[in-house]
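Subject: Structure handover

Hello,

Here is the structure you asked about. Please open it beside this email and follow along.

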Amino acid sequence: MAGLLWTMLAVPGVAGAVLSCAGRRGERIAFPVGLAVAAVTLGLALAVAVVRPSAEVPLLLGIAAGVSVDGLSALLVVTVAVVVPAVLWFCRGAVGPRESPARFTGLMLLFSGSMLGTVTASGLAPLLISWEVMGATSWALIGFRWCDSRRVRAAGTAFVTTRAADLGMYLAAGAAVAGGAGSLAFRELPGLGQPWITLVTAGMVTAALGKSAQLPFHFWLSRAMEGPSGVSALLHSATMVAAGGYLLLRLRPLLAETSWAEEVVTWSGALTALVLGLVAVAQRDLKQLLAASTAAQLGFVVLASGIGSVVGGATHLVAHAATKSALFLAAGAWLTALGTKRLSALRGAAREYPSVGVAFTVAAAALAGVPPLSLWATENEISAVALEHGPALYAVVTVASLLATGYAVRAVRVVWSPARPDSARERDEEARGTRTAPAAGALPALVLLVGLSAVLGVLALPPAVEQLAGLIGVSAVGTPAAPETVLSGVLAVGVAALAWWWGERPVPVPRALRGLFAEWVRFESLARLLLVRPVTALAGGLASFDERVLDRGVRAVPAAGLWSARTVERGVELPLEALVRLVAGTARRLGALARRVQTGQLHQYYAQAAVVLAVLALLVVLVR
């Protein structure tokens, strides 16, 4: 059975890598091959969810790359495997030949394969591999239309922000090794001693919060909306942002072992759900509204991991994946048809394209928490556990839920309202719209996702909760009482009616506050002010120091050597050379003189001998 699991991970990864490099040769076959690969992956995912195998291969000395499927990962494996073919099916006509459908399909498959690797990883080593591939492919998908510099910058912002948070995972891996968890398996992490368990927990929580776009990392999700709508439907529903919430659910035993982690994670999720709900209310762009809603809804999952509602968090994650992927696909259909995602320009869009409008309305009703749809049931399950942790937390969760009702209903009201005369002038701002609805063949994918968003609430019913708790291996907690369930339903319907009546009128708060939330609380500007600019200034200062000090110092060393060499040459080598030349010249001249008497004539030698004897005799006489 281990081969089945490895095959599920390898099929989308290998096929995605090949298609990404196919270029023009893969244009015609890209989507058929991608859909076939996605269908095979779905079949394998269903098989491993039933069999739940595990596998392990050696990676480094004492560290193995282990993957396994248990109750929790089975839910996410099936969710990812269902959403991917639905999104690819719907996107068949959204990517033209000039935009490289082979690259698009290949990156989508490669990304889905990395997400499957993330949810099946049983330790930090395979998780880091999948996490890195997921980050790289998300950057490529967000900046898919790379000819537009704005989209490239948006992809860079998303990548750098999530990568900054991902450094926490490397800190966690190093601390785990130092603390004695040599295999880096998840099961060993809760047994670490201090201070290693604190470092591991802090690193993993930081990485998870960054990937799930929770405060203070949430702003990258706004920039990620520059990617194609199909990318948003996949990355920001069932995959990338879901990975952080899933990881915290997976590491629930680790959170429980530290005194501070549960509170930090709980309130991070709760505040993100509240603040990003307010951000969504202030948006005038449909994709930005859905993006803020994604971060807010993932806040419920993060909150659930902190308070121990693993089943509630998992079911909310699955229901949100279906709901949000349907909403993003509907928004993408209108963007393709009308060339805009501005809410004011989308007035009447549901009337012009009623099939997309109905699908959007049902999915938005699920997002709004209208009973008996899915997110109403899953939020009730999380709220019940939140109530056990105190009225303050319960109040925050309730307000966040009602904010979701408000912005979802407002979006539905806008798209069903009659178009204004000036609405047509606001269209085609992104690109020239096709003015055609999605092909009839693409609608089944949207209908499937909408249907799932409506019925997945059954997972939050008490019998299903008991079964899921046993499947996941946790105790069932926080079954909502009847009064709480009725109250949440009444409040949701009441707020929905109020939001419909209020319409597009601005919320009665100061304009400065509306502007603050419309700009995502300006965290990106704050990050640029507090992090980007200081780091850039530091980098510029270091570069200047390198150029003006280190570089000059390095250049000064050979210059000093040359100067010393010239000095030695002038002061020592030249006199020595002159002395050597003098000795040599003297020897040469003496040799020339000596050669003159070497004639080979015997009488001259006798004459020379007579002269020498006479000189010697003279010396003898004089010395005496």
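This is a predicted model: local features need pLDDT of at least 70, side-chain atom pairs count only at pLDDT 80 or more; totals for chains, interfaces and linings use all residues.

Residues are numbered from 1 along each chain as its sequence is written, and side-chain values use heavy atoms, with hydrogens and water left out.

Helix H22

Helices are DSSP runs (H or I, at least four residues), numbered from the N terminus. H22 covers residues 482-502, which is 21 residues. From first C-alpha to last it reaches 30 Å, close to the 30 Å expected at 1.5 Å a residue; the expected span is 1.5 Å times one less than the number of residues.

Thr485, Ser488, Gly489, Ala492, Ala496 and Ala499 of H22 are buried. They lie on the same side of H22, because they cover an arc of only 100° around the axis. That arc is taken from the directions from the helix axis to the C-beta atoms. On the other side of H22, Ala482, Pro483, Val486, Val490 and Trp501 are exposed. Here buried means under 20% relative accessible area, exposed means over 50%, and partly exposed is in between (1.4 Å probe, protein chains only). The cover over the buried residues of H22 includes helix H17 (374-388) and helix H18 (391-416). Just after H22, Gly503 has a positive phi of about 70°.

Val415 lies in helix H18 and counts as buried, at 0% relative accessibility. Its C-alpha is separated by 5.1 Å from that of Gly348, 67 residues apart along the chain. Contact means heavy atoms within 4.5 Å. Leaving aside neighbours within four places in sequence, the contacts of Val415 include Trp334, Leu346, Arg347 and Phe360.

Ile307 lies in helix H13 (residues 286-307) and is buried, with a relative accessible area of 6%. Ile307 and Val385 are 78 residues apart in sequence and 7.0 Å apart in space, C-alpha to C-alpha.

Salt bridges

A salt bridge is a side-chain nitrogen of Lys or Arg within 4 Å of a carboxyl oxygen of Asp or Glu. By this rule the count comes to 13.

Arg223 forms one with Glu524, with the closest N and O atoms 2.5 Å apart. This pair links distant parts of the chain, since Arg223 is in helix H8 (residues 219-224) and Glu524 in helix H24 (residues 523-596), 301 residues apart. Both Arg223 and Glu524 are buried.

Glu524 also meets Arg528 in a salt bridge (3.2 Å, N to O). Arg528 and Glu524 both lie in H24, four residues apart, about one turn of the helix. Arg528 counts as partly exposed, at 38% relative accessibility.

Glu504 forms a salt bridge with Arg347, the closest N and O atoms being 2.0 Å apart. Glu504 is partly exposed, with a relative accessible area of 28%, whereas Arg347 is buried, at 10%.

Glu132, Arg163, Asp166 and Lys211 are linked in a network of salt bridges.

Surface patch

A nonpolar surface patch of about 670 Å² is made by Val611, Val612, Leu613, Val615, Leu616, Leu619 and Val623. Patches are made of residues with over 30% relative accessible area and no salt bridge; like charges are joined within 9 Å, and nonpolar side chains (Val, Leu, Ile, Met, Phe, Trp, Tyr) within 5 Å. Areas come from the Shrake-Rupley method with a 1.4 Å probe; for residues, only the protein chains shown count as cover. Leu616 lies in helix H25 (residues 602-623).

Regards

Key. Helices (H or I, at least four residues) and strands (E, at least two) are DSSP runs, numbered from the N terminus.
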